[in-house]
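Hi,

Here is the structure I promised to pass on to you. Have a look at it first, then read my notes below with it open beside you.

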Amino acid sequence: MVSMSQNESSSLKSSSSSLQVFSMMSLSPSLGSSYPWLKELKSEERGLYLIHLLLTCANHVATGSLENANIALEQISELASPDGDTMQRIAAYFSEALADRILKTWPGLHKAINSTRVVDLVSEQALVRRLFFEVFPFLKAAFLLVNQAIIEAMEGEKVVHVIDLNAAEPMQWIALIRGLSARPEGPPHLRITGIHVRKEVLDQMGHRLSEEAEKLDIPFQFNPVVGDLEDLDVERLHVKTGEAVAISSVLRLHSLLAYDDEPLRKKLPLALKNSNGIHLQRALQMSQNTLGELLEKDKVNGCSPSPDSASSSPLSSPVSPKVDTFLTALRGLLPKLVVITEQDSNHNGSTLMERLLESLHSYAALFDCLESTVSRASPERLKLEKMLFGNEIKNIISCEGAERKERHEKLEKWIQRLDSAGFCNVPLSYYGMLQAKTLLQGYNCDGYKMKDENGCVMVCWQDRPMFSVSAWRCRNSL
């Protein structure tokens with residue numbers, strides 16, 4: 001970390017002192033009063049106070065103290081802004097998510113307020129996906145790694161069948177078609193099966209891939225499967241004898257965890273119920289300039305910045321009947337390769353406070369990426385933050401049960417699940433890693449990094465893993 005001057009050090013001490021004052025004030029009965037000094041706060045002090053208010057508000061929501069939660073939201077609204085600095089932006093979306101959770105206490109009110117809301121159109125969803133793909137290098141790096149792993153695994157194969165469990169981005173497979181066309185032994189007969197809930201998305205993908213294959217004179221067939229992954233019948237994949245099968249899942253498997261919201265998760269351990277005060281105390285120690293640094297300051301004080309519930313709670317054991325059944329069904333297809341890309345975060349905690357703290361850390365890094373690389377006034381940035389990150393944050397914080405789809409988990413949990421389903425890890429291609437590293441370096445930003453973890457790859461922002469890519473093959477016996 002960059003060393004601080006004496007003035008900066010004094011400023012940090014002053015900020016910490018200010019937060020102690022904030023804490024005492026916020027716990028007083030006059031929390032909702034108008035404090036003129038709120039608008040006079042410096043950026044760092046404002047960021048610290050917003051973190052404190054968000055944690056305080058979440059604590060009130062979790063304990064059913066809705067009047068106090070409303071007062072905290074009122075103060076957050078005075079400081080947060082979707083077009084302000086990083087902390088103001090992220091606070092705007094987290095406060096919106098907390099408010100939505102409160103509204104769900106009155107289902108009729110919540111439904112009435114949202115009754116005329118226009119659901120994101122397919123074209124808007126495609127636009128946001130495209131923006132994420134273009135602004136960040138994460139998916140590009142993942143696609144390079146996935147495609148190179150497939151190309152190397154399929155060396156010498158004459159009939160290749162690729163199954164895409166989240167067929168939303170044709171650019172990945174256009175690159176694969178080009179890569180296979182350059183094989184010394186000539187291209188294989190290629191079949192791609194794409195699974196997506198919207199037919200029009202699959203139609204567009206099939207058209208683009210067929211055009212590219214025809215241009216390069218590659219025998220090609222596209223098999224669209226319309227439907228939800230959780231309802232997938234593997235017979236619809238039409239895997240044929242003699243095909244070499246590769247399966248790719250990009251940011252998709254975590255949503256299956258929504259169907260295993262066991263009743264046990266609703267019984268909150270006393271240790272977790274009593275941990276909210278600890279979270280608030282940790283927030284008082286945060287004092288750096290970017291949001292990511294605010295949250296990571298805990299490291300300096302000898303604390304874990306983001307406690308992984310995999311080690312802190314027995315409820316986080318990666319037992320998931322739905323995912324386990326699905327992975328076992330995939331294994332039954334005898335794929336030559338399975339490649340999994342997931343957001344490397346822990347957003348599937350059993351309590352609101354767990355999820356709030358964890359998602360603050362991970363979305364802090366994503367918002368910091370944008371702050372470092374994209375103008376605050378950029379319309380594209382505003383769309384990404386609102387339509388993608390804002391919606392994900394709302395789902396993580398506001399929703400429960402099967403409605404909560406954004407259940408990102410850490411790589412170690414996926415390793416356990418795949419191992420239990422009869423898969424063993426395959427180290428990713430060294431050449432693929434070189435390609436991905438070159439891509440990251442081409443972004444002219446020191447923040448993007450890549451780590452090799454026992455053959456799996458973490459694509460990082462600074463030192464924080466953001467997305468994991470891992471490759472798997474079937475073990476000889478279950």
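Let's start with a pair of helices: helix 2 and helix 15 lie roughly antiparallel to each other. Why do we call them that? Their packing angle is about 155°, and an angle over 145 counts as roughly antiparallel. By the way, this is a predicted model, so please keep that in mind as you read.

To find the pair, look for residues 43-62, which form helix 2, and residues 352-373, which form helix 15. Two packed helices are described by the angle between their axes and the distance between those axes. You already have the angle for this pair; the axes are 9 Å apart. The crossing of helix 2 and helix 15 is right-handed.

Which residues make the contact? On the helix 2 side they are Leu54, Leu55, Ala58, Asn59, Val61 and Ala62. Helix 15 brings Leu352, Met353, Leu356, Leu357 and Leu360. Sort the residues in this contact by class and you get ten nonpolar, one polar and no charged.

Next, take a look at Ser345, which sits in the loop between strand 5 (337-343) and helix 15. Is Ser345 buried or exposed? Ser345 is buried, because its relative accessible area is 3% and anything under 20% counts as buried. If you leave out residues up to four places away in sequence, Ser345 touches Ser362, His408, Glu409 and Lys410.

Now for the cysteines. How many disulfides does the structure hold? The count is zero. Take Cys424: the nearest cysteine sulfur belongs to Cys474 and is 8.2 Å away. Cys424 is buried, with a relative accessible area of 17%.

Cys445 is in no disulfide either. For Cys445, the nearest cysteine sulfur is that of Cys369, 7.3 Å away. Cys445 is buried as well, and its relative accessible area is 17%.

Finally, zoom out to the whole protein. Its secondary structure comes to 18 helices and nine strands. The protein has 478 residues, and 54% of them are buried. Of the contacts with a separation of 6 or more, 79% are between residues 24 or more positions apart.

Happy browsing!

Key. Residues are numbered from 1 along each chain as its sequence is written. This is a predicted model: local features need pLDDT of at least 70, side-chain atom pairs count only at pLDDT 80 or more; totals for chains, interfaces and linings use all residues. Side-chain values use heavy atoms; hydrogens and water are left out. A disulfide is a pair of cysteine sulfur atoms within 2.5 Å. Buried means under 20% relative accessible area, exposed over 50%, partly exposed in between (1.4 Å probe, protein chains only). Axes are lines fitted to C-alpha atoms, for helices over the stretch in contact, and angles run from 0 to 180 degrees between N-to-C directions. Helices (H or I, at least four residues) and strands (E, at least two) are DSSP runs, numbered from the N terminus. Angles under 35 degrees count as roughly parallel, over 145 as roughly antiparallel, 65 to 115 as roughly perpendicular and the rest as oblique. A crossing is left-handed if the near helix is turned anticlockwise from the far one by less than a right angle, and right-handed if clockwise. Contact means heavy atoms within 4.5 Å. Ala, Val, Leu, Ile, Met, Phe, Trp, Tyr, Cys and Pro count as nonpolar, Asp, Glu, Lys and Arg as charged, and the others, Gly among them, as polar.
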